[in-house]
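Some notes on this model follow, as numbered points. Please read them with the coordinates open.

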Amino acid sequence: MKYLLQLSLFIFLFLFWIILSGKGDIFFIVSGAITSITIVIIATYINLLDEEGHPIKILPRIFFYWLWLLKEIVLSAIYLSKIIISPKLSISPQYVKIKSNQKSSLGFSIFANSITLTPGTITVIAKNSTKEIDVHAITQETAKNLQTGKMDTMVSWLMRNK
């Protein structure tokens, strides 16, 4: 597994180098390869290269999660736009605690950040030790949607939690 992580990190860094340099000269390609190898060696030496720091196990599912999250962001933005445009401005701010079923710190972090990315909700406090997230929601409906656990389930699916 260690070699797979090293190879994956090298490929990621090297492709990132090529994309950012925008040049196909041999000098830039060799420089990128040497730099990428050096970073992989240093990351391995200082024990920075692990499954949580470079989560290759979620790669096959991450694009589906991003699409799902993008859909949720768009739907929330439309919902909030309707509230803002409405003459009544029917907001009812809520402060709720959400219990997460995430087993890893990475999954918990993805869950908390996904809440913040969704318009109308903000992660205020994320307690990794108890897996609780304090959330400010702009309406009762946005708070109820979070309490259904659908987002937590999607992150669990992404992280392959059983």
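Which helix gives the largest share of the nonpolar patch?

1. Helix α3 (residues 59-85) does, with six residues. Helices here are DSSP runs of H or I of at least four residues, strands are runs of E of at least two, and both are numbered from the N terminus. This is a predicted model: local features need pLDDT of at least 70, side-chain atom pairs count only at pLDDT 80 or more, and totals for chains, interfaces and linings use all residues. Residues are numbered from 1 along each chain as its sequence is written, and side-chain values use heavy atoms, without hydrogens and water.

2. The surface patch consists of F64, L67, L70, V74, L75, I78 and W157, with about 690 Å² of accessible area together (Shrake-Rupley method, 1.4 Å probe, only the protein chains shown counting as cover). Its members have over 30% relative accessible area and no salt bridge, and nonpolar side chains are joined within 5 Å. L75, in α3, counts as partly exposed because its relative accessibility is 47% (the class lies between buried, under 20%, and exposed, over 50%).

3. In helix α5 (residues 140-147), T142, A143 and L146 are buried. They lie on the same side of α5, because they cover an arc of only 100 degrees around the axis (taken from the directions from the helix axis to the C-beta atoms). The buried residues of α5 pack against α3, β1, α4, β2 and β3. G149, which follows α5, has a positive phi, near 85 degrees.

4. β2 and β3 pair in the antiparallel sense over six bridges (pairing requires at least two DSSP bridges). They form a hairpin with four residues between them, and K131 in the turn has a positive phi of about 60 degrees. K127 stands opposite E132 in β3.

Technical notes: Patch = residues over 30% accessible without salt bridge, like charges linked within 9 Å, V, L, I, M, F, W, Y side chains within 5 Å. Salt bridge = Lys/Arg side-chain N within 4 Å of Asp/Glu carboxyl O. Buried < 20%, exposed > 50% of the residue type's maximum accessible area, 1.4 Å probe, protein only. Contact = heavy atoms within 4.5 Å.
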